[in-house]
Amino acid sequence: MATPGKFVLLDRDGVINQRIPNGYVTSWDQFVFLPRALDGLRLLKQCGYTCLVVSNQACVGKGLITLEQLGEITRHFVDEIERHGGHIDGVYYCPHRMEDGCGCRKPEPGLLIEAQREHAFLFEETYLIGDTHTDCLAGERVGCRVLLLKDGQADGRAGLGRRIFADLYAAAEFIATAV
Ligand SMILES: [Mg+2]
Ligand SMILES: [Zn+2]
């Protein structure tokens, strides 16, 4: 049983693995871990944090990949994280396209709420690590502690009082030392 109150929500592409510019990861061989991401996930596990992934994957709704294929990629990366001493307790995807107008595609908070319902954490005690303004908005709407990775699509809007880190390991170190 995880310690109550120690949860981290993580975006996937641009946080754990490299984003594919103007595209999607549609097979395992396209999934490339970002530097120090595996170490960051291990550090979070060592500090007793439960890690959950919340990720938009419109590639499903666009027909570029099936849910089954997405599940295969998920199994691979979760296994790889486990091999490196980390652990992912849940993976939540929005498979919809922007024009579907769903409630789970970030910046909508639906995915975060789904994760919260299953794991019963308090949003205000939970960290969200993202690489885009969209991730930050979703986290801020439910009152998470938002950490933005500078690499990726961070732009002028990234300021806004958000804490910015170079990579997942740096964000994990901040969480590990925060009281
Ligand atoms: Mg991202
Ligand atoms: Zn959705």
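**Sheet, aromatic pairs and metal site of a predicted model**

I65 is found in the loop that joins helix 2 (58-61) to helix 3 (67-83), in a structure that is a predicted model. With a relative accessibility of 3%, I65 counts as buried. When its neighbours within four places in sequence are left aside, the residues in contact with I65 are V25, T26, C59, V60, L70 and I73. The C-alpha atoms of I65 and P95 lie 9.9 Å apart in space, although 30 residues separate the two in sequence.

Strands of a sheet pair through backbone hydrogen bonds, in either a parallel or an antiparallel sense. Strand 4 and strand 5 are paired in the parallel sense over four bridges, and I129 has L147, in strand 5, as its bridge partner.

Helix 5 (residues 133-142) contributes the buried residues H133, D135, C136, A138, G139 and V142. These buried residues pack against helix 4 (110-119), strand 4 (127-130) and strand 5 (145-149). Just after helix 5, G143 adopts a positive phi of about 90 degrees.

Eight aromatic pairs are present in the structure. One of them joins F7 and F121 in a tilted arrangement, with 5.0 Å from centre to centre and 40 degrees between the planes. Because F7 lies in strand 1 (residues 7-10) and F121 in the loop between helix 4 and strand 4, this pair ties together parts that are 114 residues apart in sequence. Both F7 and F121 are buried. The rings of Y49 and Y127 also pair, and since their centres are 6.3 Å apart and their planes stand at 70 degrees, the arrangement is edge-to-face. Y49 is placed in the loop between helix 1 (37-46) and strand 2 (50-56), whereas Y127 is part of strand 4, so the pair ties together parts that are 78 residues apart in sequence. Y49 is buried, with a relative accessible area of 12%, and Y127 likewise counts as buried, at 6% relative accessibility. The ring of Y127 also has the charged end of R145 sitting over it, at 5.2 Å from the ring centre. Elsewhere, W28, F31, F33 and F77 are linked into a cluster by ring pairs.

Which residues coordinate the magnesium ion (ligand 1)? The ion is coordinated by D11 (OD), D13 (O) and D131 (OD), at 2.0 to 2.1 Å. Along the chain, the donors of the magnesium ion follow the spacing D-x1-D-x117-D. D11 counts as buried because its relative accessibility of 7% is under 20%, and D13 also counts as buried, at 16% relative accessibility.

Notes
Residues numbered from 1 in each chain as written. Chains lettered and ligands numbered in written order. Predicted model: local features only at pLDDT ≥ 70, side-chain atom pairs only at ≥ 80, totals over all residues. Heavy atoms only, no water. Donors = N, O, S within 2.8 Å, 3.2 Å for Na, K, Ca; no water. Buried < 20%, exposed > 50% of the residue type's maximum accessible area, 1.4 Å probe, protein only. Helix = DSSP H or I, 4+ residues; strand = E, 2+ residues; numbered from the N terminus. Contact = heavy atoms within 4.5 Å. Phe/Tyr/Trp six-rings, centres within 6.5 Å; stacked < 30°, edge-to-face > 60°. Lys NZ or Arg CZ within 6 Å of the ring centre and 35° of its normal. Pairing = 2+ DSSP bridges.
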